[in-house]
Amino acid sequence: MQEKYIDETKQGEAFAIAERPENSKKLFLESYGCQMNFSDSEIVASILNEQGYNTTMKVEEADLILLNTCSIREKAEQTVRMRLSQFKNLKKEKPNMTVGVLGCMAERLKTKFLEEEQLVDLVVGPDAYRDLPNLLKETDDGRDAINVILSKEETYADINPVRLGGNGVTAFVTITRGCDNMCTFCVVPFTRGRERSRDPHSIIEECKSLADSGYKEITLLGQNVDSYLWYGGGPKKDFAKASEMQKATAVNFAQLLDQVAKAVPEMRIRFSTSNPQDMSIDVFKMMAKHENICKYVHLPVQSGSNNMLEAMNRQHTREEYLELIRKAKEIVPEVAFSQDMIVGFCNESEQDHQDTLSLMKEVQYDYGYMFAYSERPGTPAHKKMEDNIPADVKQRRLAEVIALQGELSRMRMKSYVGRMHQILIEGTSKKNENQWKGRNSQNAVCVFDKLEGQQIGDIVNVFVYDNTQGTLLGRIAE
């Protein structure tokens with residue numbers, strides 16, 4: 001997932017699907033933030049496709065504009081507010097047009113959108129997309145509509161997502177929703193609710209359907225995929241109350257991986273995002289067992305300091321994290337890891353920062369997502385802790401973390417040079433139309449010259465002869 005987050009300084013990504021001839025209305029749908037939002041947008045498009053809406057890439061021809069929003073950082077919210085302001089003139093020209101805000105910002109800010117923007121007609125939280133047809137009837141009658149109720153049951157398991165944009169090769173399959181890990185810096189538990197898992201049979205059926213449709217790779221998706229636990233439905237926190245039969249027949253993430261790998265043996269399987277305290281060694285055993293499970297794990301740590309990990313309520317120590325990495329590399333020697341890192345969290349000392357740098361050197365991540373801490377209203381850190389690290393110190397520490405990761409990335413990419421790799425062709429290189437781009441099992445991007453007879457979706461053997469910091473340079477093996 002080297003593009004885990006859309007650049008918050010740019011507007012979101014809009015996507016369109018093939019039109020239904022009988023549909024007469026136009027939907028402009030733009031997604032911001034994480035892959036879960038992208039996946040949710042596919043669910044929304046599927047629901048509204050049944051309500052007479054075709055998607056469009058042209059905002060000016062839309063009857064309905066929906067922004068699927070992110071609250072993970074302040075910049076994401078600023079970007080959405082700026083984007084909404086761009087629609088004001090269009091709304092004056094088309095007063096019957098409906099503008100809606102979906103997702104995490106919708107849940108967090110609720111009525112503020114309706115009151116402040118004087119533009120938004122519709123506010124829908126991530127567990128209320130089924131209610132969109134009813135809410136749109138409200139707006140058709142001239143009333144503002146809002147539903148941000150969080151559910152303990154909703155997984156949208158029975159909705160076959162419309163695949164928006166994409167390359168027809170890789171697809172997301174959501175397996176969990178919500179999160180129970182109350183990290184003090186994070187707004188997700190408050191915007192997406194309690195953690196619940198999706199019926200494994202519906203997951204496998206969706207994966208098989210994607211395989212039948214020509215897709216070659218799936219990413220099992222959730223706020224916390226390795227915490228997956230299906231025992232018949234309901235929040236994970238209620239598992240202790242389950243019957244003995246439910247407990248005996250429950251399916252955990254390692255077992256789900258095993259089932260999916262067997263069900264679609266020709267497809268590559270990835271998963272994101274994982275949390276260290278929930279990651280089981282059995283997951284790595286499944287990775288070693290099945291060739292089609294990619295040898296890559298995004299395993300956020302956030303800090304290398306035990307002081308910070310405790311303050312963040314990360315529920316694991318530095319030592320436990322490093323031991324997990326060590327065992328994983330024993331079981332799957334070729335496994336690659338990426339990280340999330342927050343610098344400048346409340347009370348972070350210079351020694352805490354040095355602990356982060358030393359942990360990064362020990363793990364040797366392939367790449368990472370690195371950020372300076374910014375307060376999120378409503379989180380425990382915002383309520384109880386002082387954001388007391390000066391901005392210039394945060395930026396200096398962030399620069400050091402980014403520079404170190406650059407060195408590690410170059411070193412990790414170099415370790416792939418001089419070897420053969422199986423690369424799934426995902427599309428044409430952005431920099432050279434005569435080259436393909438794809439990824440190896442470890443999620444490293446590789447570019448190589450096109451040869452006659454190849455097409456998107458092919459898996460080819462590529463010899464890697466050189467590298468940059470973030471890209472492998474290869475040629476197709478004869």
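**Questions on a predicted model**

Q: Which residues does R192 touch, not counting residues up to four places away in sequence?
A: Contact means heavy atoms within 4.5 Å. With residues up to four places away in sequence not counted, R192 touches M36, N37, D40, C104, P126, D127, L150, R177, G178 and Q223. This is a predicted model, where local features need pLDDT of at least 70, side-chain atom pairs count only at pLDDT 80 or more, and totals for chains, interfaces and linings use all residues. Residues are numbered from 1 along each chain as its sequence is written, and side-chain values use heavy atoms, with hydrogens and water left out.

Q: In which helix is R192 found?
A: Helices (H or I, at least four residues) and strands (E, at least two) are DSSP runs, numbered from the N terminus. R192 belongs to the helix that covers residues 188–192, which is α7.

Q: Is R192 buried or exposed?
A: Buried means under 20% relative accessible area, exposed over 50%, and partly exposed in between, with a 1.4 Å probe and protein chains only. R192 has a relative accessible area of 3%, so R192 is buried.

Q: With the side chain of which residue does the side chain of R192 make a polar contact?
A: A polar contact is a pair of N or O atoms within 3.5 Å; within protein, one must be able to donate a hydrogen and the other to accept it, and residues adjacent in sequence count only if both atoms are side-chain atoms. For the side chain of R192 there is such a pair at 3.1 Å, and the partner is the side chain of D40.

Q: How many residues of strand β19 are buried?
A: Strand β19 spans residues 435–439 and is mostly covered. The count of buried residues in β19 is four of its five.

Q: How many bridges join β19 to strand β20?
A: Two strands pair if DSSP finds at least two bridges between them. β19 and β20 (residues 445–449) run antiparallel. K437 stands opposite V447 in β20. The number of bridges that join β19 to β20 is five.

Q: Which residue stands opposite K437 in β19?
A: Strand β18 (residues 420–428) and β19 run antiparallel, joined by four bridges. The two strands β18 and β19 form a hairpin with six residues between them. Opposite K437 in β19 stands G427.

Q: Which residue takes a positive phi in the hairpin of β19 and β20?
A: This hairpin of β19 and β20 has five residues between the strands. The positive phi is near 75°, and the residue that takes it is N443.
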